Amino acid sequence: MSAPTSERPDAGERTSAARSEAPRRRRLHLGSTAIIWLAFVLILLVGTVLVALDGTNLLAGNNVVNLLSRTSVLGFLAIGQTLVILNRSLDLSVGYVAALASIIGATVMAGQQERILLGIGAALAVSALLGLVNGLVVTKGRVNPFIATLGLGLIIKGYLDTQYQGPAGTVAPSFQNFGYTRIGVVPLSTAVMLGVAVLAYVLLHRTRAGYAMYAVGGNRDVARLSGIRTDRTLVLAHVLCSTAAGIAGLLLASRFSTGVSVQIYSAGYDLDSIAAVVLGGTLLMGGRGGIAGTVAGVLILATMDTVFNLLQVDPFFRDVLRGVIIVAAVALYARRQIDPNARRRRFADLGRGKGRPSAVDQGAPA
């Protein structure tokens, strides 16, 4: 004999109850960007306490300037890296491109004020051209982005090692203001980096090209069938990424007052930029993420490095801790991709002994 139907809610009642609970769940749901900014505040507070126990003030003027200065170079690289990762690609050549841009900018300027714009233009033009090469090799050559960008990076490294074994060129004296001028406690380079972040945000959220980048990263075949020129979108992302790397190279040239290569490409900026992007909530599989999370990821890494330096933490332990935090963040984001409602429906069906979708799931009328 079947159970009385009055003791079990029918499909319509279950649907109504689910709808009434949905707004409350949405109110409690925090996006990945909000979580990473909350994590940054938490790390800043914990770091402030740890440094205070050591007798130092993390929020002192010099320490804040140092922290913000650390965000500039990595910020430029991570913003560009975000664009290519959103397209389900990758760029391992950004450190080498930055080193080459540093050399080109300093040698073209040759210490002359009137050649500043020429040096900046030459460095950015070469950087954009290298990004175009990366994009064409990935799209037209069908080469995996990991191999394509790493190969280009090694070519640049070979050229720099044979042609420039030491510092080269001299930047104009006034161009050094880019690396050392401050607006209060905010370095000019950090302000420029935030301006570039705003432009990238507008690109992604207010332009057709930005929407296309999310679509290509989400599903390239669907994007192509929807009329989006996927190859052109991916090439544009690589060009912008390399251009951002060129800006980072110019910033380093202004700080060194000359062009350098080994000091830049051996600093690990390529992997650090990817780490900042992933830490900021952008999926390596593309299609989801954004600039706001990347900026927070850069701030987290800069805060950690500043705290480690003030506490004189062993470099090995510092790298281990950075790795643990990045892996934990990626694991957290991966768990958040699972649809909890779908999982509840599946186990609820098993609990009723049906082992198959309910009438509601099949779209039957209530």
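Helices here are DSSP runs of H or I with at least four residues, numbered from the N terminus. With that in hand, let's take a walk through this predicted model.

**The whole chain**

Start with everything on screen. The protein chain has 16 helices and two strands. Of its 366 residues, 42% count as buried.

Select residues 269-279, which form helix H13. Eight of the eleven residues of H13 are buried, so the helix is largely enclosed by the rest of the structure. Color the buried ones: Asp 270, Ser 273, Ile 274, Ala 275, Ala 276, Val 277, Val 278 and Leu 279.

Now pick out Val 278. Its relative accessibility is 9%, which means that Val 278 counts as buried. What does Val 278 touch, leaving aside its neighbours within four places in sequence? Show Leu 284, Val 330 and Tyr 333, and you have its contacts. Then draw a distance from the C-alpha atom of Val 278 to that of Ile 326: the two are separated by 7.6 Å, although they lie 48 residues apart along the chain.

Step just past the end of H13 to Gly 281, where phi is positive, at about 100°.

**Second stop: H3 against H11**

Select residues 61-86 for helix H3 and residues 230-256 for helix H11. Their axes are 7 Å apart and pack at an angle of about 170°. That angle makes H3 roughly antiparallel to H11, and H3 passes H11 in a left-handed crossing.

From H3, look for Ser 69, Ser 72, Val 73, Phe 76, Leu 77, Gly 80, Gln 81, Leu 83 and Val 84. Facing them in H11 are Ala 237, His 238, Leu 240, Cys 241, Ala 244, Ala 245, Ile 247, Ala 248, Leu 251, Leu 252 and Arg 255. By class, this contact of H3 with H11 has 14 nonpolar, five polar and one charged residues.

How far apart are the axes of H4 and H11, and at what angle do they pack? The axes are 7 Å apart, and the angle is about 50°. H4 is therefore oblique to H11, and their crossing is right-handed.

On the H4 side, select Val 94, Val 97, Ala 98, Ala 101, Ser 102 and Gly 105. Their partners in H11 are Cys 241, Ser 242, Ala 245, Gly 246, Gly 249, Leu 250 and Ala 253. The contact of H4 with H11 has eight nonpolar, five polar and no charged residues.

In soluble globular proteins, nonpolar side chains tend to be buried together. In this model, the largest nonpolar core has 75 residues. Select Ile 156, Leu 160, Phe 175, Leu 204 and Ile 291, the members that touch the most others.

Center the view on Leu 204. Not counting residues up to four places away in sequence, Leu 204 touches Leu 83, Leu 86, Gly 210, Tyr 211, Met 213, Tyr 214 and Ile 291.

Next, select helix H9, residues 208-218. Which residues of H9 are buried? They are Gly 210, Ala 212, Met 213, Tyr 214, Val 216 and Gly 217. These buried residues pack against H3, helix H8 (188-206), helix H10 (220-225) and H11.

Move to helix H14, residues 291-311, and find Thr 303. Thr 303 counts as buried because its relative accessibility is 0%. Leaving aside neighbours within four places in sequence, show its contacts: Phe 40, Ile 43, Leu 44 and Leu 67.

Most residues other than glycine have a negative phi. Two residues on this stop go the other way.

Arg 88 is not a glycine, yet its phi is positive, at about 65°. Is Arg 88 buried, partly exposed or exposed? With a relative accessible area of 42%, Arg 88 is partly exposed.

Finish at Gln 312, in the loop between H14 and helix H15 (315-336). Phi of Gln 312 is also positive, near 55°. Gln 312 has 72% relative accessibility, so it counts as exposed.

Notes. Residues are numbered from 1 along each chain as its sequence is written. This is a predicted model: local features need pLDDT of at least 70, side-chain atom pairs count only at pLDDT 80 or more; totals for chains, interfaces and linings use all residues. Side-chain values use heavy atoms; hydrogens and water are left out. Axes are lines fitted to C-alpha atoms, for helices over the stretch in contact, and angles run from 0 to 180 degrees between N-to-C directions. Angles under 35 degrees count as roughly parallel, over 145 as roughly antiparallel, 65 to 115 as roughly perpendicular and the rest as oblique. A crossing is left-handed if the near helix is turned anticlockwise from the far one by less than a right angle, and right-handed if clockwise. Contact means heavy atoms within 4.5 Å. Ala, Val, Leu, Ile, Met, Phe, Trp, Tyr, Cys and Pro count as nonpolar, Asp, Glu, Lys and Arg as charged, and the others, Gly among them, as polar. A nonpolar core is a set of buried Ala, Val, Leu, Ile, Met, Phe, Trp, Tyr and Cys residues joined through side-chain atoms within 4.5 Å. Buried means under 20% relative accessible area, exposed over 50%, partly exposed in between (1.4 Å probe, protein chains only).
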